[in-house]
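Biologist: Could you put the model up so that we can go through a few parts of it together?
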Amino acid sequence: MTDGTHAPTSLTLSEVGERLGELRGRSGLTQAQAADQLRDRGVKIDAPALSRIERGQRARLSNDLALALLTCYDASPAERTEILELLSADATPAGLPRPALWRRHAALIGPMQFEGYLKQEQRALAITNWEPFVIPGLLQTPDYARLVIEGLRPELKPGEVRGLVDIRLDRQRKIQQGALTDFRALIGEEALLSTLRDPAVMRDQLQRLVDESARPAVAVRILPKSTGYHPGMAGPFVHMRFPQATRSVVWIETMTSSIYLDREEETTRYAESFAALWERALSPDETRAYLTKRIEEQEA
């Protein structure tokens with residue numbers, strides 16, 4: 001399991017590492033003892049390296065090393081098959097340089113622990129995003145994104161704001177080209193009633209929501225102000241699911257950092273809360289009608 005702040009390089013490798021740790025524990029070996037046995041069999045590894053594997057913090061785990069671990073831990077044929085199939089399904093590229101855009105703005109995304117989020121987002125199969133007060137980042141127009149970032153991060157210089165806008169637009173392009181097949185955006189009505197200093201920005205943003213909601217992989221719903229008290233009042237969050245991995249993750253952004261959750265009891269609670277709010281929200285047709293009416297009001 002993670003510590004709630006640093007995401008693993010790959011959720012699949014994190015799951016493999018957790019299962020290997022369970023097998024080691026079942027065999028009665030400490031990490032140091034397991035490393036000693038593996039070295040006796042010609043495998044170059046030490047206890048810290050085993051710890052990184054079990055925490056999912058290695059960028060890559062070879063089949064040969066996985067087989068050596070499974071043999072050392074006396075894994076059953078079924079356990080070997082399951083873990084090796086899960087390992088072969090991992091699509092995380094190892095040894096690749098960080099994207100130039102991330103390197104260029106590392107000072108901005110580093111303190112927020114946001115690079116881990118970016119890596120996971122690129123691999124997600126399904127994303128649900130609850131935003132009570134702003135439009136989700138994956139659906140924002142450039143002008144709207146700039147105003148939001150300026151409001152949330154008043155300490156940033158204009159060039160830094162432009163950098164974060166560029167990262168946001170790059171996320172949108174990569175998500176559209178990636179594995180994401182199901183993106184559900186649940187937006188609080190308050191986000192659509194906000195008054196911007198340039199009404200044209202909000203009008204264009206509302207039209208973007210209408211356009212995006214027509215895409216097969218995107219669903220947009222609005223949660224009315226009249227909904228009353230609900231779990232989403234605790235704040236915005238993003239829930240992600242991934243190919244092959246049985247676990248999912250939840251990300252929560254604070255003023256100073258990002259919190260990463262992957263314990264089943266935590267992610268299940270967020271998933272169930274989102275599902276309940278999704279059912280209470282306006283239907284797709286009602287949402288499009290609401291957005292169209294708001295656009296007409298902006299043009300009046």
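Biologist: At what angle do helix α8 and helix α10 pack?
Modeller: Bearing in mind that this is a predicted model, helix α8 (residues 114–123) and helix α10 (residues 158–177) pack at an angle of about 20°, and their axes lie 10 Å apart. Angles under 35 degrees count as roughly parallel, and α8 and α10 are therefore roughly parallel to each other.
Biologist: Is the crossing of α8 and α10 left-handed or right-handed?
Modeller: The crossing of α8 and α10 is right-handed, and the contact is made by F114, Y117, L118, E121 and Q122 of α8 together with I167, R171, K174 and I175 of α10. By type, the residues of this contact divide into five nonpolar, one polar and three charged.
Biologist: Moving on to strand β1, how many of its residues are buried?
Modeller: Six of the six residues of β1 (residues 126–131) are buried, with A126, T128 and W130 pointing one way from the strand and I127, N129 and E131 pointing the other way.
Biologist: And which strands does β1 pair with, and in what sense?
Modeller: β1 pairs with strand β2 (residues 182–188) in the parallel sense over six bridges, where W130 has L186 as its bridge partner. β1 also runs antiparallel to strand β4 (residues 237–241), with five bridges joining them, and there the bridge partner of A126 is R241.
Biologist: What is R41 in contact with, leaving aside its neighbours within four places in sequence?
Modeller: Leaving those neighbours aside, R41 is in contact with T71 and C72, while the C-alpha atoms of R41 and A68, which are 27 residues apart along the chain, are separated by 8.7 Å.

Conventions:
Residues are numbered from 1 along each chain as its sequence is written. This is a predicted model: local features need pLDDT of at least 70, side-chain atom pairs count only at pLDDT 80 or more; totals for chains, interfaces and linings use all residues. Side-chain values use heavy atoms; hydrogens and water are left out. Axes are lines fitted to C-alpha atoms, for helices over the stretch in contact, and angles run from 0 to 180 degrees between N-to-C directions. Helices (H or I, at least four residues) and strands (E, at least two) are DSSP runs, numbered from the N terminus. Angles under 35 degrees count as roughly parallel, over 145 as roughly antiparallel, 65 to 115 as roughly perpendicular and the rest as oblique. A crossing is left-handed if the near helix is turned anticlockwise from the far one by less than a right angle, and right-handed if clockwise. Contact means heavy atoms within 4.5 Å. Ala, Val, Leu, Ile, Met, Phe, Trp, Tyr, Cys and Pro count as nonpolar, Asp, Glu, Lys and Arg as charged, and the others, Gly among them, as polar. Buried means under 20% relative accessible area, exposed over 50%, partly exposed in between (1.4 Å probe, protein chains only). Two strands pair if DSSP finds at least two bridges between them.
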